[in-house]
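I opened this entry to look up the nonpolar packing, the aromatic pairs and the annotated segments, in that order.

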Amino acid sequence: AMLGSKARLLLANEALIAANLDRLRYELEKSLRDAPHEHAWLFAMALFVVVLSFVYVVRKIVLVSIHRHRPASRNVLLVDMIYKVTRPYIVIAFSAVIAAGVYDLPPLFTDIAHISLLAGILWRAVKSIDRLTSLIVTKLLDHIHSEQKRNTVSYLHSMFRVIIWAAAVVFLLDNCGLHINGILTSLGIGGLAMAIAGQSIIVDIIASAALFMDQPFVVGDKIWFKDYEGYVLHIGFKTTKLAG
């Protein structure tokens, strides 16, 4: 009976301690959220520094753990990916988003933080995709001996790069609340000039596509054009480079 009463007393004390801790946590959170507006920036800056430091501490711990438990030859890609994901511009924008989300900061600052984080992630993602496709294309070109096929692969790779960068820019502008059609319409004459310039670019892309498909000449051929002649060094979207 004595043991039973002691157990009940212990459980009651634990429940009381837990209730007091919950109440203390609630009061702390309430005091932080109800802080005067002039102190919101101070608390936000403190949280920004804490999140920034926490991310880099976690990165350090993860890297040390990887080097201890994995062979060095298998670490290269993983370590490189970790460093790229935790680039300063991404970590800073992420910390700013967290700080702006916890405290009542002006909407302009919150929007800038979100857009900066999105832009950083898009930049890193597109650069990674571009690097990966470049490695694949380089390995593929090593096994292709036909100059015509090499030019076709290089052209397709260039087209893919243009498409992913254009898609990233359009996606970022759309998330910023800017719609391409609306921007061109509101610009009036400036929009018309941009549309004409865009049309010229599209015509150049179509012409270069026809050039790559028909293959009237390839890199290494000697050609004549008006008063110019030389060997083809490079075939691009808008220009063809010759060496006399």
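I began with Ala44, setting aside residues up to four places away in sequence, and found that Ala44 touches Ala99, Tyr103 and Leu105. I note here that I am working on a predicted model.

I then turned to the largest nonpolar core, which holds 13 residues, and saw that Ala44, Leu105 and Leu117 touch the most other members. The elements that give two or more residues to this core are helix H2 (40–69), helix H4 (88–102) and helix H5 (107–142), and I recorded that H4 gives the most, with 6 residues.

Next I looked up the aromatic pairs, for which the count comes to 2. One of them joins Trp41 and Phe109 in an edge-to-face arrangement, with 5.2 Å centre to centre and 75° between the planes. Because Trp41 lies in helix H2 and Phe109 in helix H5, I take this pair to tie together parts that are 68 residues apart in sequence. I also checked accessibility: Trp41 is partly exposed, at a relative accessible area of 36%, and Phe109 likewise counts as partly exposed, at 30%.

Last, I consulted the unreviewed UniProt entry, whose annotation "transmembrane region" covers residues 40–64, 85–103, 159–180 and 192–213. For residues 40–64 I noted that the span is 100% helix and 0% strand, with its end C-alpha atoms 36 Å apart. For residues 85–103 the end C-alpha atoms lie 26 Å apart, and the span is 84% helix and 0% strand.

Terms used. Residues numbered from 1 in each chain as written. Predicted model: local features only at pLDDT ≥ 70, side-chain atom pairs only at ≥ 80, totals over all residues. Heavy atoms only, no water. Core = buried A, V, L, I, M, F, W, Y, C linked by side-chain atoms within 4.5 Å. Buried < 20%, exposed > 50% of the residue type's maximum accessible area, 1.4 Å probe, protein only. Helix = DSSP H or I, 4+ residues; strand = E, 2+ residues; numbered from the N terminus. Contact = heavy atoms within 4.5 Å. Phe/Tyr/Trp six-rings, centres within 6.5 Å; stacked < 30°, edge-to-face > 60°. UniProt positions renumbered as here; feature names shortened; annotations may be inferred.
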